[in-house]
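Hi,

Here is the model I said I'd pass on.

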Amino acid sequence: MKMTRERLLYDLYVAFYSARKGKGKRSYVLKWEKDMKANMEALCDDLITRRYQPLPSKCFIVEYPKKREIFAAMFRDRIVHHLYFNYTHQLFEQTFIQDSYSCIKGRGTHYGIERIEGMCRRESRNWQRKCYALHLDIRGYFMHIVRSRLLDIAVALLRKMAEHRVPRSICANTVQWKDLLDMDFVIWLTEVIVMLDPKQNCVIVGEPSSWNGLDKAKSLLQQPDGRGLPIGNLTSQLFSNVYLNVLDQYVKRELKCKYYGRYVDDALIIGTDKEALIDMAFKIRNFLVSELGLELHMGKLEISQVHNGIEFLGNYIRPWRKYLSHDSISRIEQKVGELDLNHPMRVVRSVNSYLGIMRHTASYRVAKRLFMREGFLRIGVFNRDMTKFIPKRKYFKHLKSHL
């Protein structure tokens, strides 16, 4: 069904409110809203006539939680990213394996940790049998994606789904439209987004010294033309799963691996045969090079015994219990040290968010060490198992509307 201007404009407003969420007071959002109707109609016209081209991005470095190079799209383009995501994410996700954990609703870090823990228990027969975990990491994953290959993979999946005549009400949040998704429009937009060269005319924010110490493999500015997706875009997160879905299918269908899970470029395979895992690692390395133009980070390739504990997604999984990893504790400790106790509302929200992370692991002693301090106890009290921070009565009136 051919896309009409009326329904595209409606979908753009849905996408706008998704892109605006949590950023309503930002200057670029306020500027867009100042002339909302004209801006939305101009963007709609550019898309419906297929004149749309993304604007140059801003490139900068962030230091936390680790040094990364970020390309931030303009707000106009972020609206288009949300539009595309609304149209396609459920289509793509139907093709993903159950143990692809990143950027999928209901399949986040806690889900991934629980799945990996369950795999360890099943393969070790409830921790009674020796088994191993093969840790895999792809070197500079986002920066080395071959965009032309990604486009072929994405378009092939979309064309396959088009054969099933997918209703738009399934793919987007626009449930009152009952006609079919305009797959030609979606495929055109896929090409526009995927084949964009983020380096072209990008605006560098910050001093050149900010890039000191950043691995060249993790800098898009250092990559040859035709490679890399910008970290920071919603569509990049979606396409990263689309690209590595090829690897997931190979591991599950060709290598017949039963216990396998992946979060972005970090993957684990659980098995009892150490030699078979080593052989599998070499097969995966060759597959990545030949099919996807990627390479394993051999310095991070590791086979560890499950009974000694395995680290995954900021947790340390051991028989019968889980702990926060040392890196996770260090990051939380750093952030706790930066809290301003003169703003109790922010302190209570922050402390409860950290306790919410810790409650999934055996972290009572860590929580006690971090938070049982005079400054925090002046603001509130902790429940018995250190899973909740309750403000004192004099702060409660101001806090209840924020919690």
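What is the handedness of the crossing of H4 and H10? It's left-handed, a crossing being left-handed if the near helix is turned anticlockwise from the far one by less than a right angle, and right-handed if clockwise.

Before the rest, some housekeeping. This is a predicted model, where local features need pLDDT of at least 70 and side-chain atom pairs count only at pLDDT 80 or more, while totals for chains, interfaces and linings use all residues. Residues are numbered from 1 along each chain as its sequence is written, and side-chain values use heavy atoms, with hydrogens and water left out.

Back to that pair. Helix H4 (residues 75-93) and helix H10 (residues 234-254) pack at about 20°, with their axes 9 Å apart. Helices here are DSSP runs (H or I, at least four residues), numbered from the N terminus; axes are lines fitted to C-alpha atoms over the stretch in contact, and angles run from 0 to 180 degrees between N-to-C directions. That angle makes H4 roughly parallel to H10 (under 35 degrees; over 145 is roughly antiparallel, 65 to 115 roughly perpendicular, the rest oblique). On the H4 side the contact (heavy atoms within 4.5 Å) includes His81, Tyr84 and Phe92, and on the H10 side Leu238 and Phe239 are among the residues involved. By class, this contact has seven nonpolar, five polar and no charged residues (Ala, Val, Leu, Ile, Met, Phe, Trp, Tyr, Cys and Pro count as nonpolar, Asp, Glu, Lys and Arg as charged, the others, Gly among them, as polar).

The other pair is H1 (residues 5-20) with H3 (residues 36-48), at about 120° and with axes 10 Å apart, so these two are oblique to each other. H1 passes H3 in a right-handed crossing. The contact of H1 with H3 splits into 11 nonpolar, no polar and four charged residues.

Now the cores (sets of buried Ala, Val, Leu, Ile, Met, Phe, Trp, Tyr and Cys joined through side-chain atoms within 4.5 Å). The largest has 87 residues, and Leu47 and Phe239 are among those touching the most other members. Leaving out residues up to four places away in sequence, Phe239 touches Tyr84, Phe92 and Leu150, among others. A second, separate core of 20 residues includes Ile332 and Phe389.

Lastly, Asp46 sits in H3. At 19% relative accessibility, Asp46 counts as buried (under 20% relative accessible area; exposed is over 50%, partly exposed in between, with a 1.4 Å probe and protein chains only). Beyond its neighbours within four places in sequence, Asp46 contacts Arg51, Tyr52 and Arg76.

Cheers
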